[in-house]
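This report describes the packing of helices in a protein chain, together with its overall dimensions and domains. The sequence and structure are shown first.

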Amino acid sequence: MKNLTLESYFYNEIQRELSINWTASDCLEGVFKEEKITLKYEREVLIDDAIIHFIFASVVIPCYAIIHKNYNISIYSNLHSPIHENVFKEICLYHNIKNVTYKSNVTNDRPAMIPVSDKVGLFYGGGKDSLVSAAIQGEIFGEEKINLLRLVWDEDINNLEKKSKIINESLEFMSDKGFSSAKVISDFHFKVINRSVGKIPGLALYSAFMAPIFVKENYRLLSFGYDSTEFHNSVSKNRAIPFRNSRPNIISHLSNAIFMSTGLAINFKNFNYSMTPYVAFKLLSCRYNNYYSNLYMCERLAGKWCLKCRKCITYAFACLANKQPCDFNLKYFFEKSKYVNDLALETVGNSVNNLNGLHIDKFSHPKHFCATVELVNDIDLDYAKKELLDLQYPRAYYNFIVIALRYRHLKYEDHSSFWLAAYEQESQHLNNDPNNEIKNSLLNILKESNIKIIENKKITGLNRDVEVYYDYN
Ligand SMILES: [Zn+2]
């Protein structure tokens, strides 16, 4: 017997705390430490059986189904209301799981259709992608229409309070600009047995945990920010499609499931689907300059920037390229950071012994290589000299120039442009811009910001020196 049963849920309206309980047969161990997750909401929510079914199916079922992929698992629910037949099917399609069968009552009755409001929810992480997405949507729809939805999580439950505090600073900044926000604190990443289980639900984790909010608010649009470079085709035919669960054709299963569960015809949209990191930084420094200082990319518990990671150096390059004030002392960073010194050393080695290609892990995320090269090549060397050359920091400019010169001969113009074909492919799959209203506003913003718009349906890039391509046919 391989059974997974949704047993019950409890919602404490005063604490706004929701717990969901289930049981699993003994042979299904090695997925969760405890068969229970708890969510705490910062604003009013709507909780009912349909929402709980949606959360359970989106988050808990795929963890078991993927870890125990050689078993056929029977799913039961002890909740009073039956689940819509297609909710379960759509979520299985979304997660690409075929080894589960739903055994409890199902219904074909659709819930009454809820009229959508004019509000938009944005899964807000605080990095360049969600920040630029917030700024763009603020300009197009009005800041007061946008709710920033923030999931607070950590593998160590003792860090939640500290994390919450850092997040509050960034949300207060956005609140001053007119946005409202809601935090959801979750112990999911603490309850799963290890990090790899925590990654299984993907984007569905956010839509599931935020569902009680967006059904209460009747959002018409739910946006999230994963940049364009994530979505290249697989290098090898045997490997899984990268970022499958965040692709427009797959996400449509999630919006179908939400509609069948709740009657809310919500549309998903990823404003960053057609934007490389280069474009995001460019918009943040040219058009949305008043947001630039609210960039939170590194987010270590010690503070806003750790000065020893790839996100910190990407931010440093972006500040130099766009002549923006940097949150930390750039001279100190390029002089003292062990990360930078190691990268400079590796770059010299890579340059002398050019056998391993150009990719250096410390220089950029493998998928961001082309966009980072474009960013670095945008840096005005006289400006960098002015910012970095200092007797007190004798190595700073040297370290910078060693890294920068390695890539000066390269050009990946597509990666400093906006990908129109990607935009159109997404809006076609998700029907999130039927009259091209968003598109027209966005193109206007891009033109005014001097960002090149390209129409290519196939774009090439590099991932660890291997050529990859993006396909928008
Ligand atoms: Zn860092």
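## Helix packing and overall form

The crossing of H7 and H8 is right-handed; a crossing is left-handed if the near helix is turned anticlockwise from the far one by less than a right angle, and right-handed if clockwise. Here helices (H or I, at least four residues) and strands (E, at least two) are DSSP runs, numbered from the N terminus. The model is a predicted one, in which local features need pLDDT of at least 70 and side-chain atom pairs count only at pLDDT 80 or more, while totals for chains, interfaces and linings use all residues. Residues are numbered from 1 along each chain as its sequence is written.

H7 and H8 are roughly parallel to each other, as follows from their packing angle. Angles under 35 degrees count as roughly parallel, over 145 as roughly antiparallel, 65 to 115 as roughly perpendicular and the rest as oblique. On the H7 side, Leu-203, Ala-204, Ser-207, Ala-211 and Val-215 take part in the contact, and on the H8 side Ile-251, Leu-254, Ile-258 and Thr-262; residues are in contact if their C-beta atoms, placed from the backbone, lie within 7 Å. These residues comprise seven nonpolar, two polar and no charged. Ala, Val, Leu, Ile, Met, Phe, Trp, Tyr, Cys and Pro count as nonpolar, Asp, Glu, Lys and Arg as charged, and the others, Gly among them, as polar.

The table gives the geometry of the helix pairs. Axes are lines fitted to C-alpha atoms, for helices over the stretch in contact, and angles run from 0 to 180 degrees between N-to-C directions.

| Helix pair | Angle | Axis separation |
|---|---|---|
| H7 (residues 203-217) and H8 (residues 248-262) | about 30 degrees | 12 Å |
| H10 (residues 310-321) and H13 (residues 369-377) | about 40 degrees | 8 Å |
| H12 (residues 338-352) and H15 (residues 396-407) | about 45 degrees | 9 Å |

H10 and H13 are oblique to each other, and their crossing is left-handed. Thr-314, Phe-317, Ala-318 and Ala-321 of H10 meet Thr-372, Leu-375 and Val-376 of H13. This contact of H10 with H13 has five nonpolar, two polar and no charged residues.

H12 and H15 are likewise oblique to each other, with a left-handed crossing. From H12, the contact draws on Val-340, Asn-341, Leu-343, Ala-344, Thr-347, Val-348 and Ser-351; from H15, on Asn-399, Val-402, Ile-403 and Arg-406. By class, the contact of H12 with H15 has six nonpolar, four polar and one charged residue.

The protein chain as a whole contains 17 helices and 16 strands. Its C-alpha trace spans about 70 × 45 × 45 Å along the principal axes. The radius of gyration of the protein chain is 23 Å, which agrees with the value near 23 Å for a compact globule of 473 residues; this radius is taken over C-alpha atoms, and the globule rule is 2.2 Å times the number of residues to the power 0.38.

The domain assignment gives domain 1 (2-101) and domain 2 (288-473), with bounds that come from an automatic or database domain assignment. The centres of domain 1 and domain 2, taken over C-alpha atoms, are 39 Å apart.

Technical notes
Contact = placed C-beta atoms within 7 Å.
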